[in-house]
Amino acid sequence: IIGIRIHGIAFLGLFLPGGCPLPMAPFLVLIELVSYLSRVFSLAIRLFANMMAGHTLLKILAGFSWSMFTNGQSITLMLLHFLPFIV
């Protein structure tokens with residue numbers, strides 16, 4: 001919708017490459033249209049997977065850090081856990 005609003009009817013030229021034989025045009029338009037529409041779903045799935053992986057990694061690292069911090073070790077070992085954050 002936005003592409004048609006910005007570029008007008010020239011937006012439809014995206015689906016038909018230049019120099020294409022006329023008998024092949026319907027097939028190419030169909031293939032390009034499916035490719036254009038499937039890109040939306042592909043990018044959405046990739047974005048979801050990357051966000052989920054990032055949140056999962058943060059949860060794992062936070063849980064590991066908390067379990068190491070509250071393990072009941074000496075005070076010096078607990079303070080050494082914060083050394084990477086200070087540097």
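**Figure 1. Overall view of the predicted model.** The secondary structure comes to 4 helices and 0 strands. Read from the N terminus, the order of elements is α-α-α-α. Of the 87 residues in the protein, buried residues make up 6%. The mean pLDDT of the protein is 83, and 89% of the residues reach 70 or more. Among the elements, α2 has the highest mean pLDDT (90) and α3 the lowest (68).

**Figure 2. The aromatic pair of Phe-15 and Tyr-36.** With ring centres required to lie within 6.5 Å, the count comes to 1 aromatic pair. Phe-15 and Tyr-36 form this pair, with 5.5 Å from centre to centre and 85° between the planes. The geometry is edge-to-face, because the angle counts as such when it is over 60 degrees. Phe-15 lies in the loop between α1 and α2, whereas Tyr-36 belongs to helix α2, so the contact ties together parts that are 21 residues apart in sequence. Phe-15 has a relative accessible area of 8% and is therefore buried, the cut-off being under 20%. Tyr-36, at 32%, is partly exposed.

**Figure 3. A nonpolar surface patch that includes Leu-14 and Tyr-36.** The patch is formed by Leu-14, Leu-33, Tyr-36 and Leu-37, which together have about 350 Å² of accessible area. Leu-14 is located in the loop between α1 (2–7) and α2 (25–69). The relative accessible area of Leu-14 is 48%, so this residue is partly exposed. Tyr-36 is also a member of the aromatic pair with Phe-15, and its relative accessible area of 32% meets the patch requirement of over 30%.

**Figure 4. Phe-82 in the loop between α3 and α4.** The C-alpha atom of Phe-82 is separated by 10.0 Å from that of Ser-65, with the two residues 17 residues apart along the chain.

Definitions and conventions
Residues are numbered from 1 along each chain as its sequence is written. This is a predicted model: local features need pLDDT of at least 70, side-chain atom pairs count only at pLDDT 80 or more; totals for chains, interfaces and linings use all residues. Side-chain values use heavy atoms; hydrogens and water are left out. Helices (H or I, at least four residues) and strands (E, at least two) are DSSP runs, numbered from the N terminus. Patches are made of residues with over 30% relative accessible area and no salt bridge: like charges are joined within 9 Å, nonpolar side chains (Val, Leu, Ile, Met, Phe, Trp, Tyr) within 5 Å. Accessible areas come from the Shrake-Rupley method with a 1.4 Å probe; for residues, only the protein chains shown count as cover. A salt bridge is a side-chain nitrogen of Lys or Arg within 4 Å of a carboxyl oxygen of Asp or Glu. Buried means under 20% relative accessible area, exposed over 50%, partly exposed in between (1.4 Å probe, protein chains only). Rings of Phe, Tyr and Trp (its six-membered ring) pair if their centres lie within 6.5 Å; planes under 30 degrees apart count as stacked, over 60 as edge-to-face and the rest as tilted. pLDDT is the predictor's confidence in each residue, from 0 to 100.
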